Amino acid sequence: MVTVTQNHYCDGYSLRLQQLYPSNPEATVSLAPSSDQRLYQQLADSFAEAIHEGTLKPGKRLPAIRRVAQSHQVSVNTVLNAWQLLEDRGLIEARPQSGYYVRGVLPAVTRHGEHKTRVRDPGSGKLDLIDKVFAAQNHPDYINISLACPQDSELFPATRIARITASLLRRHPNLIGRYALPPGSERLREEIARRALHAGQRLTADEITLTHGCMEALQLALRAVTQPGDCVGLESPTYFFLFPLLASLGLKALEIPTDPQHGLSLDALEMLLQEQRIKALIAMPGVQNPLGCGMSLANKKRLAKLVNTYHVPLIEDGLYDELQFDWPLSPAVKAFDRDGWVIYCTSFTKTVAPDFRIGWTAAGRFHDAIARLKAVSSMAESALLSETLAEFLASGGYDHHLRTLRRRYAANLDEARGLIARYFPQGTRATLPRGGFVFWVELPGNVKTTEMFDRLLQEQICVTPGALYSLSERYNHALRLSCCYPFDARYSRAIQRAGEIACELSGLPAGEAQGVPLRPQTV
Ligand SMILES: Cc1ncc(COP(=O)(O)O)c(C=O)c1O
């Protein structure tokens with residue numbers, strides 16, 4: 001272990017030591033050669049963090065490579081590799097005969113303007129657009145910068161899963177001849193309970209219901225706690241498939257202001273709870289889709305307290321929780337659930353095997369109701385798939401796999417944001433996600449992103465227009481992009497084309513067109 005004091009970084013900078021690494025009161029950065037993350041990646045990550053936090057400002061010159069090497073007791077090559085990685089992520093740039101400089105970063109999306117909390121009928125308003133997006137996402141020839149799932153087995157542990165499945169079938173051929181009955185694989189539920197501790201949840205296997213993806217978990221939760229005609233609180237913007245889900249159950253929606261960086265407004269929520277305007281709440285406090293933001297620990301605790309005080313169930317969608325970039329993971333709201341009013345829902349579709357469609361819920365006081373609904377809804381999850389997943393989780397490779405995914409997605413997000421800053425109109429804003437791989441982009445100049453969507457479809461490029469993420473027209477100028485795909489020339493070209501069309505529609509020049517830094521200042 002090499003421990004290096006951070007003031008070495010700061011020599012020659014006006015930045016103070018604590019400013020550069022505010023999260024580390026000891027002001028030390030540890031490079032651990034034994035960790036599976038290479039030294040140059042660790043070095044790059046710590047500089048990336050300082051850039052994102054704004055402690056290393058756009059336009060700042062990085063310290064000389066030899067000095068960084070000396071102060072970190074690493075080779076010059078290690079620093080060069082780290083700088084190369086930061087350059088690939090679009091965070092720094094080399095200037096001839098001058099050194100490396102921090103590039104600008106995209107302005108953050110700011111709090112959305114006045115927000116009227118109106119009860120709306122999810123009806124069929126957005127269904128046509130959803131169908132159109134799904135059709136494009138499903139098309140094998142389209143370039144997908146939209147679907148929130150890496151359609152590429154390279155990012156999933158396909159080889160290991162195949163080996164485990166084959167071995168299980170060889171050893172237990174009767175697995176596929178067995179009628180899976182509720183509550184489903186005990187071994188998988190035990191493994192899930194063991195893993196849930198990472199997110200601060202103390203659960204037993206008996207408190208877990210296996211579901212067909214997170215979608216079924218959300219549906220069962222809503223069915224358990226609402227009646228047709230009830231009103232459900234949602235974040236705004238929110239995961240677009242919640243609207244047809246509510247519509248299918250005869251429920252109404254009330255969209256609650258959600259800060260693009262800090263998540264659901266708890267002040268607004270508290271008012272609604274006091275006025276008894278919602279029967280349940282669906283939120284993504286860990287990593288929000290589509291914003292990518294996450295709530296602070298203090299807010300998570302306050303949210304748990306609010307729903308326990310007002311006895312309104314929180315359906316916590318934790319689908320992207322394991323992909324949070326911070327380690328250790330920030331606990332789920334469920335970890336602070338005093339009396340069982342939080343129904344935690346998630347799945348392995350984003351991290352292990354989308355096709356397995358295995359999810360789960362820990363439903364607190366609603367456990368029995370949900371377990372019964374699950375049985376009449378789809379009986380139980382496949383034994384073969386459940387045992388395969390259990391074996392994969394038990395065999396110890398999952399955490400390593402998650403670390404790889406987090407690194408890949410964080411780097412992809414940086415690269416995609418860099419391209420947006422370069423090719424999208426000046427004044428474009430984007431969120432900086434806390435985890436996962438989706439982010440939110442807001443365009444200037446009255447651009448209608450459904451128009452962009454139609455134009456890009458003609459070139460076989462699929463994006464997701466902001467209009468999908470609300471029943472209002474509030475986000476007609478926004479897009480959600482996904483960067484879970486291998487970041488190749490095709491993908492970069494698709495973002496470039498999206499930017500060119502946005503410039504055309506807005507009548508504004510691209511970010512780099514007027515000699516501004518490639519990435520304008522962070523707000
Ligand atoms: C926030 C959120 N919740 C739920 C789902 C559905 O998850 P699953 O595929 O596990 O049913 C998705 C899918 O993209 C999602 O983004």
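Me: How many helices and strands are there in the protein?

Reply: Helices (H or I, at least four residues) and strands (E, at least two) are DSSP runs, numbered from the N terminus. Here the protein has 17 helices and 19 strands. This is a predicted model, in which local features need pLDDT of at least 70 and side-chain atom pairs count only at pLDDT 80 or more, while totals for chains, interfaces and linings use all residues. Residues are numbered from 1 along each chain as its sequence is written.

Me: What pLDDT does the protein average, and where does pLDDT stay under 50?

Reply: pLDDT is the predictor's confidence in each residue, from 0 to 100. The protein averages 87, and 89% of the residues score at least 70. Values stay under 50 over residues 1–30 and over residues 514–523. Two residues are in contact if their C-beta atoms, placed from the backbone, lie within 7 Å. Beyond four places in sequence, the model has 46 contacts for residues 1–30 and 37 for residues 514–523.

Me: Which residues are around the ligand?

Reply: A residue is near a molecule if its C-beta atom, placed from the backbone, lies within 6 Å of it. The residues around the ligand include Ala148, Tyr239, Asp317 and Gly359. Helix α9 (residues 213–225) supplies the largest share of this shell, 3 residues. As to classes, Ala, Val, Leu, Ile, Met, Phe, Trp, Tyr, Cys and Pro count as nonpolar, Asp, Glu, Lys and Arg as charged, and the others, Gly among them, as polar. The shell has 6 nonpolar, 5 polar and 1 charged residues.

Me: At what angle do α15 and α17 pack?

Reply: Axes are lines fitted to C-alpha atoms, for helices over the stretch in contact, and angles run from 0 to 180 degrees between N-to-C directions. Helix α15 (residues 398–423) and helix α17 (residues 489–506) pack at about 35°, with their axes 9 Å apart. Among the residues making the contact are Leu419 and Tyr423 of α15 and Ile495 and Gly499 of α17. By class, this contact of α15 with α17 has 5 nonpolar, 3 polar and 1 charged residues.

Me: Why does Ser395 count as exposed?

Reply: A residue is buried if 20 or more other C-beta atoms, placed from the backbone, lie within 10 Å of its own, exposed if 12 or fewer, and partly exposed in between. Ser395 counts as exposed because it has 10 C-beta neighbours inside 10 Å. Ser395 lies in the loop between α14 (383–394) and α15. Of the 523 residues of the protein, 48% count as buried.
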